[in-house]
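Please consult the sequence and the model while reading.

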Amino acid sequence: MKKGRIFNIERFATEDGPGIRTVVFLKGCGLRCKWCANPESQSFEKEVLFNSRRCIGCERCIKVCGENAIRYIEEYGYITNPDLCIHCEKCIDNCYTNARTMMGKEYTTEELIEELLRDKEYYHMSGGGITFSGGEPLFYSSFIRECAEILKEHNITTLIETCGHIDIDNIKEVQEYSDYIFYDIKHMDSKIHKKLTGRGNELILSNLTWLSQNYKGNLSVRYPYIPGCNDDIESIDDFLNFVEGLENIQEVVFLPYHRLGLPKYSGLGRKYEMGDMESLKKKQLEHLKVLFDDYNINIKIQ
Amino acid sequence: MNERIMGLRKNLFDIKPRICAERCTIFTESMKESEGLPIAIRRANAFYEVLDKMTINVSKDELIVGNQARWPKASPIYPEYSYEWLIEEFDGNPYYFDERPGDKFYYDEETKESILSSIEYWKNKSLYENLRKTLPEEINAAWDAGVIDDTWVSACGLGNIIVDYDLVLKKGLRDVIARAEKRMSELDLKEPGNVRKKWFLEAAIKGNKAVVNFSNRIAEECENQAKDMEDEKRKKELLKLADICRNVPLNPARNFHEAVQCVYMLLLTVHLESNGHAISLGRFDQYLYPFYKKDIEENRITREEALELVEAFFIKCNEINKLRSWGDSEFFIGYQMFINLTVGGQTQNGEDAINEVSHLCIEACENLRLFTPSVSVKWFEKTDDKFMLKALEAVTKHQGGQPAFYNDKAFIRTLDNMGIPKEDQIEWAPDGCIEASIPGKWDFAAKGPWLNVEKVLEITLNNGVDPNTGRLFKKTNRNIADCESIDQIFEEYKEMLKYFMDLQVITEHINDELHVLNDINAYRSSLVEDCIGRGLDLVEGGALYSADGGPTAGTISSGDAFAAMEDIVFDKKLINLDQLLHALETNFEDLTTTPTGEEIRAILLNKAPKFGNDDDKADSWVVKIQDFIGSRYRYEYKSSKYGKGPIPCCYSYSQSPVTGNIAFGKMIGATPDGRKNGDPVNNGISPANGSEKNGATAACNSVGKLPSIWFQKGAIFNMRLAESMLETEAQRKRVIDLIKVLFENYGQHIQFNVVDGKTYKDAMKNPEKYNDLMVRVSGYSALFTALSPEVQMDVINRAELEL
């Protein structure tokens, strides 16, 4: 039985694929995008996330921690030092207001399937299913494949959201079992890509090329639209040129930047690198459809 | 909405609700004169007098006519049911009517004086005071302690009736009168009991004639106005209205306009005979469609004209009002009349019953954004998805939770279990909030004392004593502190529920006897099968179907309380039972204990499973409590009409507390679900405020586990949706799919509040900007700004599901 480390399961998700879906967020990612909305998804290790709005300052967490791992930091609150934490969860059990949550829980295939099937009637009624997201879910390709095979027996579709920074073998292992793949591209210039995400983009682009030639399911490419990072016309032109040269791309979806991840940065004791930049509304990106309508690509804004 | 409708709608919002003395004065004078005669005759004569003497109003631009009082939205007074509160509140106790925190009513000195002078006659005669005098001491004590409460059907008339609109449209009151006369002529007065039947039938004829006379008076007013009318178009309209009012409801309706006017006249006059509320409309689209179809086919009306009439009708429904005592108002905040209007469902052939009138109703609901009538869509497996989408779009525009969605499959299963014949099952319609009735065949879809389900838990945990009043009701078998398992506590709780449910039933037997003696309403009874045949009023057992049962509040909160006790005290052992009981006794405020009272509350709120998250640990407790209450009502109790004709004459379960969850919450101390003293209990079967954490499908799965087979009187499920989640058709389709899965699992009902918290908060600060902002409180919607601040907060705090 395979296992996956999951930091969140979101039911009745309506923005991550067709119909009513449950999104499984797997922990760990090879990229470090500056704008990442799920900072708790990046590390493969378990982490304690602190929520200052629920905290009443009783400091029981500090008292019960045998590792001396929790410190009060003025701007963030009661933050756990991941290097000292042994994940015993005492501070979580003893936090009566649920201001602390353990990010990352091991699920066996069987355990996850049981949880996912709770909403099977909704998937069937709406043509929905399961979305594996992250982090980078494909680090868990064997786990996902095992789950997807069982889901298929229940007539439930699988969708994978990937950043593409992953060994091609992992992609090959699951692609047959995934009905949809949402594939992220952040920038076409590898140097800039490295600056924005910590890694170059060669692997990402070659993987997408392989998928476009071999994948039989629905392939959609997504572009997080981040002001000051990749929102210039030249970058977008480069991106669309590349996509136009590929086969089997159903659509390109632009994802407007948002800062909803901000409280999670402070809850992990981390600085938010995007500063005060405001979230974008969907309508602020609508012009892209017109601007780039000479491409033979179906462009959507989400 | 055309210009006329916009104007009529605006007037509705510009008018202030008032108190009108006319009905009170005329009725009282007539009753003084008729002393000594049988009650059926006396009330019928008084009804005739009221309809013959009250002021007639036909306002500018009206297309549907008739008035309940001197001014639109003014409430008549019914002192025969209760009057003490009128004296108190005219004296400012607890509030003057026009200074109440919610449901204000305005009045002048003259009105006050006439009402107070009529009241002199009613002293020692009102139904409410006689009920309180007659009830055994332990029931009055339970009433005063807030465990049960029968005010709504003793301080006012009985309601929750759907008369046979279809029959009157097709045959006219002429037919009703003829049948009553025939039945009367057949009676052999030598046979015992027949003289009483004769009185009833005489009264029924008098009542029907009163309505015909009233309609003729309205016609006369139209003719008078037409005489001086310079505007030729309006003059024509007035003459046409006069013609309509002279034809219906006496004779069969000849066209769509007459049919709509006839329905309004019946609705209005039933409200004038008694002030029981929740007089509903039944399957409006079904009985009106033949008239619409014929008019359209014969080019007598356009679709736009028909929509205008439906909209004018909706507006007129909002002119009907009811002044309740402040104490009673707290259970029904929002000027609520609970006039429910049903569309959809299935035909006798099992086909989708949606027709063009169903569409007109949805459009009127969306355009007008009014709180009355409550528009209800009945769903069944063949209901067109496109119609559901249209209805959901109306929900997003209405912003007050209308239309609400009802499940044929669930209600039919319930009615089948109650022995209602197949062909009548499918005709069911929600009455009032959500109670299932068979139009024209069922007496009172809901009736009987409220039951405060979580109060019973509080008394159980105090070994049978109410901590507020110190009264010992029934000693528990075990000392609760000595209980060794959660099951032992549950056994005690069931015993205590049984004790109070018994009191509920006894109360309603006594209340029924008083209504039989004092409250015969032969007119409305004659419009329900088979009152004429049996010569019996509804309260005497004249209808084909009958089942008692008043609303309950707090079942979900009680289930959460058991889940918390099991999990925190007996399983995880985070605190022991003594610690819990001490924390409850001190309202979580004792800070000297370890953990402190506050911490214990946080543990109960945050560490225990809660209903609404698809978590069996919590959901199963709710199911256990509901199965106990529901099956006991169904099989262990008989209503007073048992054996007199109607079936099944059992009790039945209602979980549509309107705002009673707040009123009852005030009577309950701290409870193990983490509620503090006086906080509201949960609303209907909606998860308690703030306890949903796993999203809409999880909430629906929890509701889908509940034994809805017991819920003939309905169970309200509110879900708040962010507006942004309903923007596109694809998003709305997902919500329809959500509803369909809930309904496949025998969920009965769902209604949506579509607004964001910001709008409500702003409306609290600037009510003047939100004169027409609607909110669904429970089984109905109301003007947000008419709600008292604490109800407003309850709406705002209701957890917003991430959709």
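In β10(B), Ala553(B) is the bridge partner of Asn452(B). Strand β8 (residues 450–452) of chain B pairs with β10(B) in the parallel sense over two bridges; two strands pair if DSSP finds at least two bridges between them. Strands (E, at least two residues) and helices (H or I, at least four) are DSSP runs, numbered from the N terminus.

The open sheet has three strands in the order β1-β8-β10 (chain B), with mixed pairing. Its edges are β1 (148–149) and β10 (552–553) of chain B; each has a single partner strand, so one side of each is left without a neighbour in the sheet.

## Basis of the model

The model is predicted: local features need pLDDT of at least 70, side-chain atom pairs count only at pLDDT 80 or more, and totals for chains, interfaces and linings use all residues. Residues are numbered from 1 along each chain as its sequence is written, chains are lettered from A and ligands numbered from 1 in the order in which they are written, and side-chain values use heavy atoms, with hydrogens and water left out.

## The contact between the chains

The contact takes 22 residues from chain A and 26 residues from chain B, where contact means heavy atoms within 4.5 Å. About 2,200 Å² is buried between the two chains, and carbon and sulfur atoms give 53% of this area. Buried area is the accessible area (1.4 Å probe) that two parts lose on being put together, summed over both.

In chain B, the residues that lose the most area to chain A are Lys607(B), Thr697(B) and Arg734(B), together 29% of what that side buries.
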